[in-house]
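Please have the sequence and the model open while reading.

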Amino acid sequence: MSWKESFQQGVSNFRRNKHSEALALFDEAILLGCDSLIVYDSRAAVHEKLGNNKAALLDAKKVVDTAPDRWQGYARSARLFHALSKDEAAIRMIDLALERIKSDDDQRRQELNALKSQATNALKAADERRRARIAKTAYHIGKLPVEIFAEILGLVVATDHAQILKLSHVCKHWRGIAIRTPALWQTLVVSKNRPTRKVRLWMERAQTRISDLSFHHNISEMDWPPILSELSSLSWCGLRSLAAPGSLFSRLYDLLHQLSKTEVISRLKHLDVTGCPGFERFLPDFEASRLDTLKVANVTPSMGGLWSRVRQLRTMTVEAGWIEILPALTANRSLENLVLSDLVSIPMESGGDDCVELSDLQCLKLFSIASVSMITRAIVAPNLQVLHLFSISHSSDVLEFAHANSLRALRELRIGSCTTTARSLNVIIAGAPLLETLQISGIQGIVNEVLDFICGTRPNDQHQDVCTFLRHVDLSSCGDLLTRNAYSLVKTRLRTDQPATEDGGQPGCRAEIESLRLDGCPLIEAEMLPWFRGKVKVFSCVYMTKREGRQRR
């Protein structure tokens, strides 16, 4: 049999979809010596039908090599490349085929252009998938310079020093940079959990340059000697903040004395000391102190000498003990924040001014103060913005001091478990046009009258709106609070319920209530709770805790 007969039989079988028989006959024709491009093109067509794309591509290449000026080999190669998802090669083959097709063969041109459009769309889709995969798996931080990435980590650690532990456990790259950056380890907080090991580790990673050193109160005294031994190599000149219980502070002072570095005390910017016996022996080292923030607890009269040396405080917190308040305030007229708790004020022995003006004071917080009037009458704070008064007894009226001193800059007033009157609160509220936050908790007999005053039910003498900026209200544990007063507080400030201005302008001169807390107020009617939740962004009304509920049962 000649190759022509085999070829013709192969074509006949191909037309009858007998592709396997056709392939065998085309192979036979080639073995009989046929080297015609039509045979290779026909065998490529059979391979394409059978899904043998790579074999078909080899025959298509033979067609191109045999007749490079014919379009058939290029067109079939384009289809095969597209089937193999090699669309760039497919587009090149299509362009070569279009160059060789006759200008009047519109049908084949349309077919190839349609195939080219498919290949182009497939390329775009593949590129989009590649970009999506890169977006999910690419490690962009790895491209940042180490210095910039270390700076980013520093910003995170500056807001919360404990974040350094999480950052150093993200991956090997992050951990390597974190450990090699001493500035990230400059805050050391020592607790009872393996304190010596932690001090040693932080000293190593910070290269002994610790700027903030803090000790918890639960550290065993047995751990003090090894801790102090590790700290002996600390770069003390860089220490700016120190917090320690009194006994440990004494041991630290002894260590500084041995190292002849007691001048570190005067360089501190922040100091927190609790219950330190014999504090007077440290006083000489506070000379020309640079302290910006001071927190002391269990104060004794012997610490009074501190105020002749510490004169640049901006934040002062004094907890528990006895204090002569006027010298402390007089020495630090630049105070911005003052927190006093569980104190007994000592009367002044000598004459002189009985009050001091603190023009920079913005925040005053008093908790559990005996003879509070001795403190409040000593302070004139024209720019006070935050005032907290809690758990103050043995006083006829804790707000009496504010009657004579206008608090026009006040933005936050919180008072709880104190003795006062509705009249005193109304005086302050009327004189505080910028008030945004009001808390009255644990006080009986005044809250309804105060709310009437705020809502305009009982207007002030000038018949003007009060607390136009009030947004946050907490009336927890006011057992006599009535639903109608809480309802009026919210409703009279809704934009849709405020009267229009005289010139027909938009209503809304008073701010809407954004948060309202009525926990522990048993007279609030349950039927009104859905209305409150619909009108106030943050609303809470818990009648009693689970523990209280069990006790009632």
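Ring pairs join Tyr-487, Trp-531, Phe-532 and Phe-539 into a cluster, where rings of Phe, Tyr and Trp (its six-membered ring) pair if their centres lie within 6.5 Å, and planes under 30 degrees apart count as stacked, over 60 as edge-to-face and the rest as tilted. The model is a predicted one, in which local features need pLDDT of at least 70 and side-chain atom pairs count only at pLDDT 80 or more, while totals for chains, interfaces and linings use all residues. Residues are numbered from 1 along each chain as its sequence is written, and side-chain values use heavy atoms, with hydrogens and water left out.

Eight aromatic pairs are found when the whole structure is searched. One of them is the stacked pair of Phe-532 and Phe-539, with 5.2 Å centre to centre and 10° between the planes. Phe-532 and Phe-539 are both buried, a term that means under 20% relative accessible area, with exposed being over 50% and partly exposed in between (1.4 Å probe, protein chains only).

Two charged side chains sit over rings, which requires NZ of Lys or CZ of Arg within 6 Å of the ring centre and within 35 degrees of the ring normal.

| Charged residue | Ring | Distance to ring centre |
|---|---|---|
| Lys-198 | Trp-202 | 4.9 Å |
| Arg-205 | Trp-185 | 4.7 Å |

Helices (H or I, at least four residues) and strands (E, at least two) are DSSP runs, numbered from the N terminus. In helix α12 (residues 224–231), the residues Trp-224, Ile-227, Leu-228 and Leu-231 are buried. These residues lie on the same side of α12, because they cover an arc of only 95° around the axis, the arc being that of the directions from the helix axis to the C-beta atoms. The buried residues of α12 pack against β1 (187–190), α11 (195–205), β2 (212–215) and α13 (246–258).

Phe-286 lies in the loop between β4 (270–274) and β5 (293–299), and with a relative accessible area of 0% Phe-286 is buried. Beyond its neighbours within four places in sequence, Phe-286 has contacts with residues including Ile-265, Phe-279 and Arg-309, contact meaning heavy atoms within 4.5 Å. The C-alpha atoms of Phe-286 and Arg-309 are separated by 5.9 Å, although the two are 23 residues apart along the chain.

The structure holds zero disulfides, a disulfide being a pair of cysteine sulfur atoms within 2.5 Å. Cys-521 is buried at 0% relative accessibility, and its sulfur is too far for a bond because the closest cysteine sulfur, in Cys-478, is 5.7 Å away.
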